[in-house]
Amino acid sequence: MSPQARRDDLIRAALDLFGSRAPELVTVDDIVARAEVSRPLFYRYFANLRELQVEALRTVTDGLIDGLAGLEEGPPETRLRAAVRGLIDVADHYRAGYIALLRSGSVIATSETDAAIDEVRNRAVALILDALGVTDPSPLLSLTLRCWTAVVEGALLSWLQERTIPREALDTWLVDQLTAMLGTTAAHDKTATFT
């Protein structure tokens, strides 16, 4: 196995474990047992557990960004629904890692993971602006889109933990939330050109 493949295997093992317990509860021993490697091999690729946690969470954010990158063609609503479905799929795939990434007060949150989350948020806003055909958003439109990304994060966090509504309903509800927010913004923003 190449060094990069071995490193990826250790990250995959950590993410698998994050699927059943919070990242801060996963130990080096758990990871090496799952990856079927020795502790010395682990330390050849990662200086410590924290470094692996950050890399694993970076994998989650990269997955979210990649999910946003592959948009369907078509009208804005179709594209947005596809993007939201992609976010739900990635968040669900990396459930525990996603929860750890966004949970307030997570012991594994760092400035690097915060920057990665901001990158996902910025990509989501850029994607919506592109779908709407807006190149120079007003301050109120920018604020609306930032608020909606917070709604998506909060909804996904709750949904992943509670599963109180069917998955199929989640993306429709989130896109309808954005539509309602954009309608309200248009009513208050006379420079709006996205309706």
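1. A crossing is left-handed if the near helix is turned anticlockwise from the far one by less than a right angle, and right-handed if clockwise. In this predicted model, H1 passes H2 in a right-handed crossing.

2. Helix H1 spans residues 3-18 and helix H2 spans residues 28-35. Their packing angle is about 115 degrees, and the axes lie 9 Å apart. Axes are lines fitted to C-alpha atoms, for helices over the stretch in contact; angles run from 0 to 180 degrees between N-to-C directions. H1 and H2 are therefore roughly perpendicular (65 to 115 degrees).

3. H1 brings Arg 6, Asp 9, Leu 10, Ala 13, Ala 14, Asp 16 and Leu 17 to the contact (heavy atoms within 4.5 Å). H2 answers with Asp 30, Ile 31, Arg 34 and Ala 35. By class, that is six nonpolar, five charged and no polar residues. Here Ala, Val, Leu, Ile, Met, Phe, Trp, Tyr, Cys and Pro count as nonpolar, Asp, Glu, Lys and Arg as charged, and the others, Gly among them, as polar.

4. The protein chain has nine helices and zero strands. These are DSSP runs (helices H or I, at least four residues; strands E, at least two), numbered from the N terminus.

5. Of 195 residues, 47% count as buried (under 20% relative accessible area, 1.4 Å probe, protein chains only). Among contacts with a separation of 6 or more, 68% join residues 24 or more positions apart.

6. The chain exposes about 9800 Å², with 52% from carbon and sulfur atoms (Shrake-Rupley method, 1.4 Å probe).

7. Residues are numbered from 1 along each chain as its sequence is written, and side-chain values use heavy atoms, without hydrogens and water. Local features need pLDDT of at least 70, side-chain atom pairs count only at pLDDT 80 or more, and totals for chains, interfaces and linings use all residues.

Note on methods:
Angles under 35 degrees count as roughly parallel, over 145 as roughly antiparallel, 65 to 115 as roughly perpendicular and the rest as oblique. Buried means under 20% relative accessible area, exposed over 50%, partly exposed in between (1.4 Å probe, protein chains only).
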